[in-house]
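Thank you all for making the time this morning. Please have a look at the structure on the screen, and I will then walk through a few places in it.

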Amino acid sequence: MDRYISYLTDIRKLLKATIKAYTGDLDEYFSYMTSNGENPDNPDRNCGRKYVAHLSRKGFDPRSINRKISCLRKYYAYRIREKESSFNPFDFVKALKLDSADRQCVADESEAIFSNLKQRYKARKRGDELDSPTFYVPY
């Protein structure tokens, strides 16, 4: 895992917050695997599905579970590129569907972001001095 985190930090240049989230997701997954007598370096094809079921039973929000699925899918894709694994157990796992309230929240946040960018664009066209825009895209 340390080599993967170094890759994310040094090559991909991800933000510290993203690295922290990925590290936490990977640690949690490794802990789950070892506590169930499984080796995360040599997973079976069903381990991804079992892990998602475990997270669902523990009451994790579907958005958090989807983030963890994405993290682990990327981790195993890295291991395949590095010839450390022959398959990705999370390729067999679909992202969980969000309920309509979650989708509406994401839509509202997206609309607010684009409205802000539109206002900044108009102000810049007028020649107003603006700070560099900083915004976050909902995950």
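Where in the chain is the place of K97? K97 sits in the loop between helix 4 and helix 5, the latter spanning residues 100-126, and please keep in mind throughout that this is a predicted model. With a relative accessible area of 79%, K97 is exposed, because the cut-off for that word is anything over 50%. If you look for R63, you will find that it is 34 residues away from K97 along the chain, while the C-alpha atoms of these two residues are separated by 8.7 Å.

The structure holds 12 aromatic pairs, and I would like to begin with the one formed by Y29 and Y76, which is edge-to-face, with 6.2 Å from centre to centre and 90 degrees between the planes. Y29 belongs to helix 2, which covers residues 16-35, whereas Y76 belongs to helix 4, which covers residues 62-81, so this pair ties together parts that are 47 residues apart in sequence. Y29 counts as buried because its relative accessibility is 0%, and Y76, also at 0% relative accessibility, counts as buried too.

Y76 has a further partner in Y75, and this aromatic pair is likewise edge-to-face, with 5.2 Å between the centres and 70 degrees between the planes. Y75 itself has a relative accessibility of 2% and therefore counts as buried. Stepping back, ring pairs link a cluster made up of Y4, Y7, Y29, F30, Y32, Y51, Y75, Y76, Y78 and F90.

Finally, let us return to helix 2, where we find D25. Is D25 buried or exposed? D25 has a relative accessible area of 2%, and because the limit for buried is under 20%, it counts as buried.

Conventions
Residues numbered from 1 in each chain as written. Predicted model: local features only at pLDDT ≥ 70, side-chain atom pairs only at ≥ 80, totals over all residues. Heavy atoms only, no water. Phe/Tyr/Trp six-rings, centres within 6.5 Å; stacked < 30°, edge-to-face > 60°. Helix = DSSP H or I, 4+ residues; strand = E, 2+ residues; numbered from the N terminus. Buried < 20%, exposed > 50% of the residue type's maximum accessible area, 1.4 Å probe, protein only.
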